[in-house]
Amino acid sequence: MKSLLKIGILSAFVFLLAACSPGKGALASPTMLAGSSSELVATATPGSMNSVEGSHMMEPINGENLETVPDAKGGQLLASEIDGDTKVFELTAKAVKWSILQDVVATAWTYNGTVPGPMIRVTEGDKVRIVFKNELPQPTTIHWHGIAVPNAMDGIPDVTQKPVQPGETFIYEFVASPAGTFMYHSHYEGDLQVSAGLYAPFIIDPKEPVAPQPDVDVNLMVSEMLVKGGQTYAAMPMAGMEPNYFTINGKAFPETETIQVKKGQLVRIRIAAIGQLVHPFHLHGVPFKIVATDGHPVPEAAQLTKDTVLVSPGERYDIEFVATEVGQWMLHCHILHHTTNDNVEPGGLILMINVTD
Ligand SMILES: [Cu+2]
């Protein structure tokens with residue numbers, strides 16, 4: 001029964017592939033149906049669709065001389081250099097081999113070699129310059145999601161700028177405003193490039209702190225990947241297809257980073273969804289307050305007390321709680337399929353908060 005179902009699904013997939021590639025020859029063959037689904041995806045791809053023409057990609061992403069970065073952490077603070085009154089940051093888009101889990105290493109397209117890319121963190125009113133080099137095999141641009149940048153810095157290809165071609169450098173410059181939790185990400189072929197890893201946190205701290213400062217301040221970027229046989233595809237290469245890995249800061253559970261907290265500390269967790277799916281995050285142990293939405297502070301009287309918050313693609317929620325209870329407390333997505341790794345539970349969008357005396 002199960003195998004019949006599988007053949008049915010694979011047949012439908014091959015039919016869809018063929019339907020999407022008019023005039024490119026017969027894609028379906030008996031050998032494809034005999035293979036595993038990962039072989040199918042790999043076998044069916046060559047020459048079938050071309051990303052540059054704008055169609056959804058059935059080919060894995062690529063890159064040359066890929067460096068493997070097994071111990072690298074995503075979203076780490078990026079150092080700046082000072083040029084007069086401006087903070088200068090350097091970003092390079094490049095392909096690397098990224099470790100989602102110890103035994104799951106996949107090609108990723110990254111800023112500076114990590115998923116997410118490095119965190120840019122500045123103070124409201126700072127002048128920032130980002131010197132951006134594209135070492136990817138495709139053009140790309142950067143969009144500063146939620147930040148009040150001049151139109152010419154908004155990163156929309158062929159609207160506000162020419163796409164940054166492979167090998168080219170582009171300079172983004174703006175004044176950091178307003179304060180809050182933001183992101184930066186590719187705005188070129190986002191369906192592929194963002195799910196391939198081209199996203200990162202951008203935090204603008206207020207000039208004057210408006211509320212008690214948290215003892216622990218953590219930023220989580222949530223996304224999804226489709227990885228088959230070590231090859232990375234667009235997370236949802238066509239309607240109805242699903243990613244098979246779900247990541248927090250580029251890692252799936254149990255490789256997600258445990259948050260270490262002392263009893264009584266005020267904890268802020270900034271949850272940012274950058275993939276293509278919604279994720280209702282549920283915290284065990286104590287409820288939290290939603291203190292900012294999409295970077296903007298929520299007035300105290302309007303701060304809902306919740307234990308679950310739905311984070312949609314593009315949204316950020318800053319939640320805060322006092323860790324009053326000692327123990328290993330779980331934060332996880334409550335779409336429980338998202339707590340699997342390639343259909344095996346537990347995995348994916350789970351992380352532990354370790355509260356000690
Ligand atoms: Cu989820």
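A nonpolar core is understood here as a set of buried Ala, Val, Leu, Ile, Met, Phe, Trp, Tyr and Cys residues that are joined through C-beta atoms within 7 Å. The views below are all taken from a predicted model.

**View 1. The largest nonpolar core and the surroundings of Trp 109.** The largest nonpolar core has 75 residues, and those with the most contacts inside it are Trp 109, Met 183, Phe 202, Val 222, Ile 271, Ala 272 and Ile 274. At least three residues of this core come from each of domain 2 (67–205) and domain 3 (216–356). Leaving aside residues up to four places away in sequence, Trp 109 touches Ile 61, Ala 93, Ala 95, Leu 136, Gln 193, Ala 196, Gly 197 and Leu 198. Among these, Ala 95 is also the residue whose bridge partner in strand 4 is Trp 109.

**View 2. Strand 3 and the strands that pair with it.** Strand 3 (residues 86–101) pairs with strand 1 (residues 67–68) in the parallel sense over 2 bridges, and Glu 67 stands opposite Val 96 of strand 3. The pairing of strand 3 with strand 6 (residues 127–134) is likewise parallel and runs over 7 bridges, with Lys 127 in strand 6 as the bridge partner of Thr 86. Strand 2 (residues 81–83), in contrast, pairs with strand 3 in the antiparallel sense over 3 bridges, and Ile 82 stands opposite Lys 87. Strand 4 also runs antiparallel to strand 3, to which 8 bridges join it.

**View 3. Two hairpins that share strand 3.** In the hairpin of strand 2 and strand 3, 2 residues lie between the strands, and Gly 84 takes a positive phi near 65°. Strand 3 and strand 4 form a hairpin as well, again with 2 residues between them.

View 4. A cis peptide bond with omega of about -10° joins Val 115 and Pro 116, and Pro 116 has its place in the loop between strand 4 (104–111) and strand 5 (120–123). Another cis peptide bond, with omega of about -5°, joins Glu 345 and Pro 346, and Pro 346 lies in the loop between strand 22 and strand 23 (350–356).

**View 5. Loop residues with positive phi, and a further exposed loop residue.** Asp 158, in the loop between strand 7 (142–145) and strand 8 (169–175), has a phi near 65°, a positive value in a residue other than glycine. Asp 158 counts as exposed because it has 9 C-beta neighbours inside 10 Å. Asp 294, in the loop between strand 17 (288–293) and strand 18, has a positive phi near 50°, and with 15 other C-beta atoms within 10 Å Asp 294 is partly exposed. Ala 302 is placed in the loop between strand 18 (296–297) and strand 19 (305–306), and Ala 302 counts as exposed because it has 9 C-beta neighbours inside 10 Å. From C-alpha to C-alpha, Ala 302 and Val 291 are 8.9 Å apart in space, while 11 residues apart in sequence.

Notes
Residues are numbered from 1 along each chain as its sequence is written. This is a predicted model: local features need pLDDT of at least 70, side-chain atom pairs count only at pLDDT 80 or more; totals for chains, interfaces and linings use all residues. A residue is buried if 20 or more other C-beta atoms lie within 10 Å of its own, exposed if 12 or fewer, and partly exposed in between; C-beta atoms are placed from the backbone. Domain bounds come from an automatic or database domain assignment. Two residues are in contact if their C-beta atoms, placed from the backbone, lie within 7 Å. Helices (H or I, at least four residues) and strands (E, at least two) are DSSP runs, numbered from the N terminus. Two strands pair if DSSP finds at least two bridges between them.
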